Amino acid sequence: MNINTTSSSKLYIDRNKVAINYADIICLEGDENYTIIYLSNGKKFLCARTLKDITNNIHSEEFFRVHRSFCINLNHIRNYKRADQEVEMSNGHRIGVARRKKTSFEKQVLDFWNTEQKY
């Protein structure tokens, strides 16, 4: 188990400081100056911060920015279709992987899964 799995990120949501565990985040979707945070319990939150701002503050090997608008939690990948460059998440969302990010994404996923199997 990675050390960062139990840590939490404090994000401002609806003017309240809410602590969200990294493990509970399925993916982050950027929408201009806002970020939609999808959680494993089915809830989603709108945060008044950019995706870039949030991802710069998440220091975890579990997250990867697959596209300009999406950052995903590698623990929540259900399926990866290499030919379509598409990731299916545990909540059913299908997210495209940018061509420029494909090689580094595949490497990080393999490294992450190999590390997880050791524990």
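Helices (H or I, at least four residues) and strands (E, at least two) are DSSP runs, numbered from the N terminus. The model is predicted, so local features need pLDDT of at least 70 and side-chain atom pairs count only at pLDDT 80 or more, while totals for chains, interfaces and linings use all residues. Residues are numbered from 1 along each chain as its sequence is written, and side-chain values use heavy atoms, with hydrogens and water left out.

Residue E32 lies in the loop between β3 (25-31) and β4 (34-39). Its phi is near 55°, a positive value in a residue other than glycine. Q85, in the loop between β8 and β9, is not a glycine either and has a positive phi of about 50°. K52 belongs to helix α1 (residues 51-57).

The table gives relative accessibility (buried is under 20%, exposed over 50%, partly exposed in between; 1.4 Å probe, protein chains only).

| Residue | Relative accessibility | Class |
|---|---|---|
| E32 | 74% | exposed |
| K52 | 56% | exposed |
| Q85 | 17% | buried |

An open sheet of 3 strands runs in the order β8-β9-β10 with antiparallel pairing, where two strands pair if DSSP finds at least two bridges between them. β8 (77-81) and β10 (94-96) are the edge strands; each has a single partner strand, so one side of each lacks a neighbour in the sheet. From one strand to the next the twist averages 25°, with axes being lines fitted to C-alpha atoms, for helices over the stretch in contact, and angles running from 0 to 180 degrees between N-to-C directions. Strand β9 (residues 86-89) pairs with β10 over 3 bridges in the antiparallel sense. E86 has G96 of β10 as its bridge partner.
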